[in-house]
Amino acid sequence: MSAERLAKIPEVDLDPNGVFKYVLIRVNSKDDDSYVDIVRGYAWAEYHADIYDRVAGELERDGGLDCECLGGGRIKHDSAAKKIHVYGYSMGFGRARHSVSTEKIKTHYPDYEVTWADEGY
């Protein structure tokens, strides 16, 4: 059952435009060793923890899942130009592995130019 629940969780959810914070979250099954890493980025978040707290709270509410934040950064999303750039870090959670986040974003946005860099805040 956990694998089915994990498969239903969208791996990427980003605001359509702007520069905003993002987090890379590992969602673990409490029933077995399965997990999925997800990327969430929203302009409404003042802090990376705002995103993590909301997403983890929603996913953990029904039980069976446990979340951990693997790090954060920023995303510059330009939907008109079909470009996404991942960079920076989170003061609270540290730097996410942008290469992992970028691969997930490329799968979700196959017609976009998706880049990343460890530089910047």
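**Entry 1: Aspartate 118 and its partner.** I looked up aspartate 118 in this predicted model and found a relative accessible area of 35%, which makes the residue partly exposed. Its side chain meets that of arginine 95 in a salt bridge, at 3.9 Å from N to O. I noted that this pair links distant parts of the chain, 23 residues apart: arginine 95 sits in the loop between strand 5 and helix 3, and aspartate 118 in the segment after strand 6. Arginine 95 is likewise partly exposed, with 37% relative accessibility.

Entry 2: Lysine 82 belongs to the loop between strand 4 and strand 5 and aspartate 111 to the loop between helix 3 and strand 6, so the pair ties together parts 29 residues apart in sequence. I recorded lysine 82 as partly exposed at 36% relative accessibility and aspartate 111 as partly exposed at 49%.

I then turned to lysine 106, which forms a salt bridge with glutamate 103, the closest N and O atoms being 3.6 Å apart. Both residues lie in helix 3, separated by three residues, or about one turn of the helix. Lysine 106 has a relative accessibility of 36% and counts as partly exposed; glutamate 103, at 45%, also counts as partly exposed.

Entry 3: I traced an open sheet of six strands in the order 1-3-2-4-5-6, with mixed pairing. Its edges are strand 1 (12-14) and strand 6 (113-116), each of which pairs on one side only. From one strand to the next, the twist averages 25°. I followed strand 4 (residues 65-78) against strand 5 (residues 83-87) and found antiparallel pairing over five bridges. Lysine 76 stands opposite histidine 85 in strand 5.

**Entry 4: Helices on the sheet.** I found helix 2 (residues 48-60) lying across strand 2 (17-29), strand 3 (35-42) and strand 4, at about 135° to strand 4. Helix 3 (residues 98-108) packs on the sheet and touches strands 1, 2, 3, 4, 5 and 6; its direction makes about 175° with that of strand 6.

**Entry 5: The whole chain.** I counted three helices and six strands, which follow the pattern α-β-β-β-α-β-β-α-β along the sequence. The radius of gyration is 14 Å, close to the 14 Å given by the globule rule for 121 residues, so the chain is as compact as a globular protein of that length. I noted that buried residues make up 44% of the 121 residues.

Terms used: Residues numbered from 1 in each chain as written. Predicted model: local features only at pLDDT ≥ 70, side-chain atom pairs only at ≥ 80, totals over all residues. Heavy atoms only, no water. Pairing = 2+ DSSP bridges. Helix = DSSP H or I, 4+ residues; strand = E, 2+ residues; numbered from the N terminus. Axes fitted to C-alpha atoms, helices over the stretch in contact; angles between N-to-C directions. Contact = heavy atoms within 4.5 Å. Rg over C-alpha atoms; globule rule 2.2 N^0.38 Å. Buried < 20%, exposed > 50% of the residue type's maximum accessible area, 1.4 Å probe, protein only. Salt bridge = Lys/Arg side-chain N within 4 Å of Asp/Glu carboxyl O.
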